[in-house]
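Open your viewer, and let's take a short walk together through the model below. Each stop tells you what to select next.

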Amino acid sequence: MIGKLASWHGLLEPLRERARAGFPVFGTCAGMIFLAREVEGPPQHLLGVMDVRVRRNAFGRQVASFESEFDVKGLDGGPVSAVFIRAPWISGQGPAVEVLAEVDGRVVAAREGNLLATSFHPELAGEHRFHRWFADLVRDAHR
């Protein structure tokens, strides 16, 4: 739906241009799908700026939602608490993509330069470190 709305309002290309120019973008859950170059499942409008293939609803349907704690490369302060709701996972990535976290052997967080993506909702677990990290990316991009 994000991609469809962006397309309807003529925002796909301007958003692509900004992301490719180095403007930081953080995609969580459906936002991870929107950033991806490829999605497993029905075709949809994608930004296609992050060199990842994403599997939609990979952990299951709504009733399979869960919370988990795990370490994230680059984040200090111990394990991250996260909520997964019909969450995707990254099923393949290009060489420039840095895997930041995995759950059960599945990639759930990654970074490619100015692009940050998580398959979970850190904010729903009261986890703010990802948002601070993203704010730092934005700050650094404007220096």
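**First stop: a loop**

Select Cys 29, which sits in the loop between strand 1 (25–28) and helix 3 (30–35); helices (H or I, at least four residues) and strands (E, at least two) are DSSP runs, numbered from the N terminus. Cys 29 is not a glycine, yet its phi is positive, about 55°. With a relative accessible area of 9%, Cys 29 is buried (buried means under 20% relative accessible area, exposed over 50%, partly exposed in between, with a 1.4 Å probe and protein chains only).

Before moving on: this is a predicted model, in which local features need pLDDT of at least 70, side-chain atom pairs count only at pLDDT 80 or more, and totals for chains, interfaces and linings use all residues. Residues are numbered from 1 along each chain as its sequence is written, and side-chain values use heavy atoms, leaving out hydrogens and water.

**Second stop: another loop**

Go to Asn 57, in the loop between strand 3 (50–55) and strand 4 (66–70). Asn 57 also has a positive phi without being a glycine, near 45°. Its relative accessibility is 30%, so Asn 57 counts as partly exposed.

Now pick Trp 133. Which residues does Trp 133 contact, leaving aside its neighbours within four places in sequence? They are Val 72, Lys 73, Leu 75, Leu 100, Arg 111 and Leu 116, where contact means heavy atoms within 4.5 Å.

**Last stop: helix 1**

Finish at Trp 8, in helix 1 (residues 2–8). Trp 8 counts as exposed because its relative accessibility is 59%.
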